[in-house]
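Student: Hi! Could you walk me through this one while I have it open?
Tutor: Happy to, just ask away.

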Amino acid sequence: MQYTNAGHLPSFLLSQNATVHLDKGGMVLGVYEECTYEENSVNVPRDALLIGYSDGLVEPENVYGEEFGIRRLQEAAVRAQSSTPSSVALSLMTAAEEWAGSAEQADDMTVIVARLK
C-alpha cells in the first residue's frame, strides 16, 4: 500500500504480528499553496486492519487529566481486532468514552476502520 498523510494523526495498520504507524506525509492540506508530501509504501498482511482517527478520539481525559492517548487506542484495537470493522470502531469509541467516564465529548470523535484483504 502506498500512502501519505496530510497533517492528521498517523493512521495505523494492525495485523497479528505487528502494528505499523503510517506517519509519512506533510503539512495539513490547504494551509499553504505549495507543499511537499513524503510518501511511503508498506506491505499489508492479509486481514490487516487500517485504523484512522481524529484527535478527538485520543484526547478525552479521565478524572486525573490523563489523555486516552494513542497507546490506549492501539491496545483497544488489538483487543478487538478479530471483530468486524464496525465492531472495532464501536469498541474504540466506547473505550475512549469509558476512559473519560462520560459519553460527553469536547471534540468530534471520528474513527475509520477497514479490513484489508
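Tutor: One cut-off before we start: buried means under 20% relative accessible area, exposed means over 50%, and partly exposed is in between. Also keep in mind that this is a predicted model.
Student: Got it. So is Trp 99 buried, partly exposed or exposed?
Tutor: Trp 99 counts as partly exposed, because its relative accessibility is 23%.
Student: And Phe 68, buried or exposed?
Tutor: Phe 68 is buried, because its relative accessibility is 4%.
Student: How many aromatic pairs are there?
Tutor: The count comes to two aromatic pairs. One of them is formed by Phe 68 and Trp 99, with a tilted geometry: the centres are 6.4 Å apart and the planes make an angle of 55°.
Student: Where do the two residues of that pair sit in the chain?
Tutor: They link distant parts of the chain, 31 residues apart. Phe 68 is in the loop between helix H1 (55-58) and helix H2 (69-80), while Trp 99 belongs to helix H3 (residues 85-100).
Student: Switching to pockets: what volume does the largest pocket have?
Tutor: About 300 Å³. It is lined by 17 residues, and the closest to its centre are Leu 9, Ser 11, Gly 52, Tyr 53 and Ile 112.
Student: Which strands supply at least two residues of that lining?
Tutor: Strand E7 (48-53) and strand E8 (111-116) each do. The largest share, four residues, comes from E7.
Student: Let's do E3. How many bridges join it to E7?
Tutor: Three bridges join strand E3 (residues 11-14) to E7, and the two run antiparallel. Leu 14 has Leu 49 in E7 as its bridge partner.
Student: How many bridges join E3 to E4?
Tutor: Four, again with an antiparallel run. There, Leu 13 has Val 20 in E4 as its bridge partner. E3 and E4 form a hairpin, with four residues between them.
Student: Great, thanks!

Key: Residues numbered from 1 in each chain as written. Predicted model: local features only at pLDDT ≥ 70, side-chain atom pairs only at ≥ 80, totals over all residues. Heavy atoms only, no water. Phe/Tyr/Trp six-rings, centres within 6.5 Å; stacked < 30°, edge-to-face > 60°. Buried < 20%, exposed > 50% of the residue type's maximum accessible area, 1.4 Å probe, protein only. 1 Å grid on protein atoms, 1.4 Å probe; cavity = no way out; pocket = protein on both sides within 12 Å on 5 of 7 lines; lining within 4 Å. Points joined across faces, edges and corners; volume = space filled by probe spheres on them. Pairing = 2+ DSSP bridges.
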